[in-house]
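Thanks for making time, everyone. I'd like to walk you through one model today, so let me put the sequence and structure up on the screen.

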Amino acid sequence: MSRIALLGPPGVGKGTQAARLSREIGIPRLSTGDMLRAAVAARTPLGVEADGHMRDGRLVPDPLVLSILRERLSAPDCRAGFLLDGFPRNVAQARELDRIAPLDAVLAFDLPEEVLVARISGRRWCPTCQSVYHVQNQPPKVAGRCDRDGTALVTRPDDSAEAVRTRLATYVELTEPLVAHYRARGILRPIDAHGTPDEVARRVLATVRGL
Ligand code: AP5
């Protein structure tokens, strides 16, 4: 059983590393951000309610996030484990997770704010399959087009300068306290997020293989 969460500020590379680790160790990546963006795109009632919170860079209310996460965790592919990307985001979510599916490890990523902002400002995103690129660090094969489905890449709606400021402040206020929460439980595994995606992926894999 591998129940792992990736914790860290916006733009640190959680999604990039979760996707690679999921392929490497064969357990599903559960990104609450991707689930919410899919709900927004489909204009479901939950998506309509989440949309404004996300655009402004605020957390989506816990009951909405918990409802989609509970449903996803009950799927058969999560029985052997899962990689949580973007959940939990506050102490209430962490307590609920402790109750329904306690984690084995939390990979905690961090970087200075100027590096986070540089990664976010260069991010391009595929609205069809949610693949993530970076104009310099992870460019697509054809400029401006998704490698997987050829869709025109866009900037994520919550990557505006103002929303990013709110997301960073929200992280410090509500999410960062989880570092102490999981350290106290003895399951925190810090990961140095500097360097290329390959370099970080090697550190992540070594840490997960050592669990
Ligand atoms: P979410 O989608 O979870 O966004 P986030 O946590 O803000 O994280 P990001 O997606 O911005 O960054 P990342 O760390 O995944 O970095 P990435 O790999 O893309 O959440 C979005 C919103 O949804 C929230 O604000 C909230 O409203 C809502 N939400 C989600 N979960 C919620 C929850 N549990 N509760 C309440 N609300 C919730 O990389 C960033 C860029 O850098 C990319 O361009 C990438 O190509 C590049 N890059 C990656 N690694 C490297 C590297 N090593 N070197 C150079 N560039 C790199």
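Let's begin with Cys146, which is buried at a relative accessible area of 4%; buried here means under 20% relative accessible area, exposed means over 50%, and partly exposed is in between, with a 1.4 Å probe and protein chains only. Please keep in mind that this is a predicted model, where local features need pLDDT of at least 70, side-chain atom pairs count only at pLDDT 80 or more, and totals for chains, interfaces and linings use all residues. Residues are numbered from 1 along each chain as its sequence is written, and side-chain values use heavy atoms, with hydrogens and water left out.

So, which cysteine sulfur is closest to that of Cys146? It belongs to Cys129, and at 3.7 Å the two are too far apart for a bond. A disulfide is a covalent bond between the sulfur atoms of two cysteines, and the cut-off used is a pair of cysteine sulfur atoms within 2.5 Å. By that rule, the count of disulfides is zero. Cys129 is in no disulfide, and with 24% relative accessibility Cys129 counts as partly exposed.

Now to the ligand. How many residues surround the ligand? There are 35, and the closest are Thr16, Arg58, Arg123, Gln138 and Arg167; a residue counts as near if one of its heavy atoms lies within 4 Å. By our classes, that shell divides into 13 nonpolar, 13 polar and nine charged residues. For the record, Ala, Val, Leu, Ile, Met, Phe, Trp, Tyr, Cys and Pro count as nonpolar, Asp, Glu, Lys and Arg as charged, and the others, Gly among them, as polar.

Let me point out some atoms. A polar side-chain atom of Arg167 sits 2.5 Å from an oxygen atom of the ligand, and one of Thr16 lies 2.6 Å from a ligand oxygen atom. Val60 takes part through its backbone: an N or O atom there is 3.0 Å from a nitrogen atom of the ligand. Taken alone, the ligand exposes 1,000 Å², and the protein buries 97% of that, by the Shrake-Rupley method with a 1.4 Å probe. The elements giving two or more residues to the shell are helix H1 (14-25), helix H2 (32-42), strand S6 (132-134) and helix H9 (197-209). H2 gives the largest share, four residues. Helices here are DSSP runs (H or I) of at least four residues and strands are runs (E) of at least two, numbered from the N terminus.

Staying with H1, have a look at Gln17, which is in that helix. Gln17 is buried at 5% relative accessibility, and its side chain reaches the backbone oxygen of Pro197 at 3.1 Å. Leaving aside neighbours within four places in sequence, Gln17 is in contact (heavy atoms within 4.5 Å) with Leu6, Phe109, Pro197, Val200, Ala201 and Val204.

Next, helix H3, residues 45-56. Its buried residues include Leu46, Ala50 and Met54, and their cover includes H2 and helix H4 (62-73). Just after H3, Gly57 takes a positive phi of about 85°.

Last stop: Asn90, in the loop between strand S3 (81-85) and helix H5 (91-100). Is Asn90 buried or exposed? Asn90 is buried, at 11%. Not counting residues up to four places away in sequence, Asn90 touches Leu59, Asp62, Leu174 and Leu178.

Terms used
A polar contact is a pair of N or O atoms within 3.5 Å; within protein, one must be able to donate a hydrogen and the other to accept it, and residues adjacent in sequence count only if both atoms are side-chain atoms.
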